[in-house]
Amino acid sequence: MDPQPEPSQTEPSAAQAPAADPEPAGREQPADVAPVVAAPVPGAFAVGDRVQLTDPKGRLHTVVLEAGKQFHTHRGAIAHDDLIGAPEGSVVHSTANTGYLALRPLLADFVLSMPRGAQVIYPKDAAQIVGNGDVGPGMRVLEAGAGSGALTCSLLRAVGEHGRVTSYERREDFADVARGNVSAFFGGVPENWDLRLGDLAEHPAEEVVDRVVLDMLEPWAVLPTVAAALRPGGVLVGYVATVTQLSTYVEALRAQGCWTEPYAWESLVRPWHAVGLAVRPEHRMVAHTAFLVTARRLAEGAVAPVRQRRAQKH
């Protein structure tokens, strides 16, 4: 057998890769690649946002985000910077490694935690007023009194940017609280809100409105003013706390003769416990807060048909 020739030293071996071609003269070296910056998360928390933190026991804490600040709890501190830029619905941890769920507060949450001057109208009644009062976009709404601004927030959201809410408040301290709460919720005083310090009885008749909401001690005292400003077909909603107020107010509406038959009711909210097969009513509920009364403005000179009622048995 002929001997195999030895490999030439000038030929590359199988285990040795050929050398790369030299870089041609004049070709520019690639620049450093810029780091990839993640796109901002839609709806992420930003400086100035109001954030509601829920701890493992369901307790709520509200903070306004500021760069470099911390929120201190009995379970450690939470850095605001951990929330800024994070998406809503995130879980942040305190220095004691306790998780907190972070969400923007709903209007109902904001109402229950807002500073108060007068007693607030609770979310269950505000929803009834907006719904049964048929308050919608573009409407002109007259409100008395403003109280702490809880109902005002609901009315402003219902009428939208093309509607208008005019609120009367006789007490300056209550008006200041209402202005502060509305401004805090909307991030500034809405341009379509007119807060007037004074009595609704002074409202000019030429400022016609579509809806009126009365939350005051003696709503029957301003019915002539309301009737003059509310357009025919407009809805009047009354909010009274006691049975004697309810009776006096309803009879005053009937006596004035320019309203449909008043409709009175109250709302009761009962939560339910539902875990697996353990389904039952909760031990506590939100019961009576106030009576609500609605009536609609008749056309000028119109007389509504007399409502037929069953004769009482003696």
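## Exercises: sheet and cores in a predicted model

In strand 8, E143 has S167 as its bridge partner. This is a predicted model: local features need pLDDT of at least 70, side-chain atom pairs count only at pLDDT 80 or more, and totals for chains, interfaces and linings use all residues. Numbering starts from 1 along each chain as its sequence is written, and side-chain values use heavy atoms, without hydrogens and water.

**Exercise 1.** Which residues touch the most other members of the largest nonpolar core?

*Solution.* 
1. A nonpolar core joins buried Ala, Val, Leu, Ile, Met, Phe, Trp, Tyr and Cys residues through side-chain atoms within 4.5 Å. Buried means under 20% relative accessible area (1.4 Å probe, protein chains only).
2. The core has 33 residues; I129, V135, V141, L151, L155 and V165 touch the most other members.
3. Helix 4 (150–159) is among the elements supplying at least two residues. Helices are DSSP runs (H or I, at least four residues). The largest share, 7 residues, comes from helix 4.

**Exercise 2.** List the contacts of L155, leaving aside neighbours within four places in sequence.

*Solution.* L155 contacts V130, V135, V141, E143 and V165. Contact means heavy atoms within 4.5 Å.

Note on methods:
Buried < 20%, exposed > 50% of the residue type's maximum accessible area, 1.4 Å probe, protein only. Pairing = 2+ DSSP bridges.
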